Amino acid sequence: MDWGKVIFIFFSLGSLTSTAGFLWDPNVVILFIALALNLISTTLKIGVKKQLASELLASSLVADFHLIPAFIFLQVFNNLSVSYVLIIGALLANIFSLALMLVESAKSVDSDY
């Protein structure tokens, strides 16, 4: 078992699920957790030398650039509607990132045989 891959996917899935959790219960703590997990996930994607590494990092950065303003709009301006729009964008970027991880995993399994 590749523990580096486990940790990498753990933080990516944690970001996705906590972002979706915010849509269920709009709470600033949940949004902060989603932001923190996504920033950790982005940090883990820096320096990865795989075929789709650029796409993975770009999708994670897109999610960061949606979550950071969403947190600011909710915490500072108390504007839930703008936060929702930004969170949906981050959720879509995280889903795209997860799809890329699945494609990358399928490619690595094919190359093992």
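Asn78 is exposed in this predicted model, because its relative accessible area is 65% and a residue counts as exposed when that value is over 50%. The residue sits in the loop between H3 and H4, and its phi is near 55°, a positive value in a residue other than glycine.

Phe77 belongs to the loop between helix H3 (53–75) and helix H4 (80–112) as well. With a relative accessibility of 54%, Phe77 counts as exposed.

Although Leu39 and Phe65 are 26 residues apart along the chain, their C-alpha atoms are separated by 10 Å.

The packing of the helices can be described pair by pair. Helix H1, which covers residues 3–24, packs with helix H2, residues 28–45, at an angle of about 150°, and the two axes are 8 Å apart. That angle makes H1 roughly antiparallel to H2, since angles over 145 degrees are assigned to that class. For H2 and H3 the packing angle is about 155°, with the axes 9 Å apart, so H2 is likewise roughly antiparallel to H3. As for handedness, H1 passes H2 in a left-handed crossing, and H2 passes H3 in a left-handed crossing too.

| Helix pair | Packing angle | Axis separation |
|---|---|---|
| H1 and H2 | about 150° | 8 Å |
| H2 and H3 | about 155° | 9 Å |

Helix H4 holds Glu104. Is this residue buried or exposed? Glu104 is buried, because its relative accessible area is 12%, and buried residues are those under 20%. Along the chain, Glu104 and Ser81 are 23 residues apart, and their C-alpha atoms are separated by 35 Å.

Conventions: Residues numbered from 1 in each chain as written. Predicted model: local features only at pLDDT ≥ 70, side-chain atom pairs only at ≥ 80, totals over all residues. Heavy atoms only, no water. Helix = DSSP H or I, 4+ residues; strand = E, 2+ residues; numbered from the N terminus. Buried < 20%, exposed > 50% of the residue type's maximum accessible area, 1.4 Å probe, protein only. Axes fitted to C-alpha atoms, helices over the stretch in contact; angles between N-to-C directions. Parallel < 35°, antiparallel > 145°, perpendicular 65-115°, else oblique. Left-handed = near helix turned anticlockwise from the far one by under 90°.
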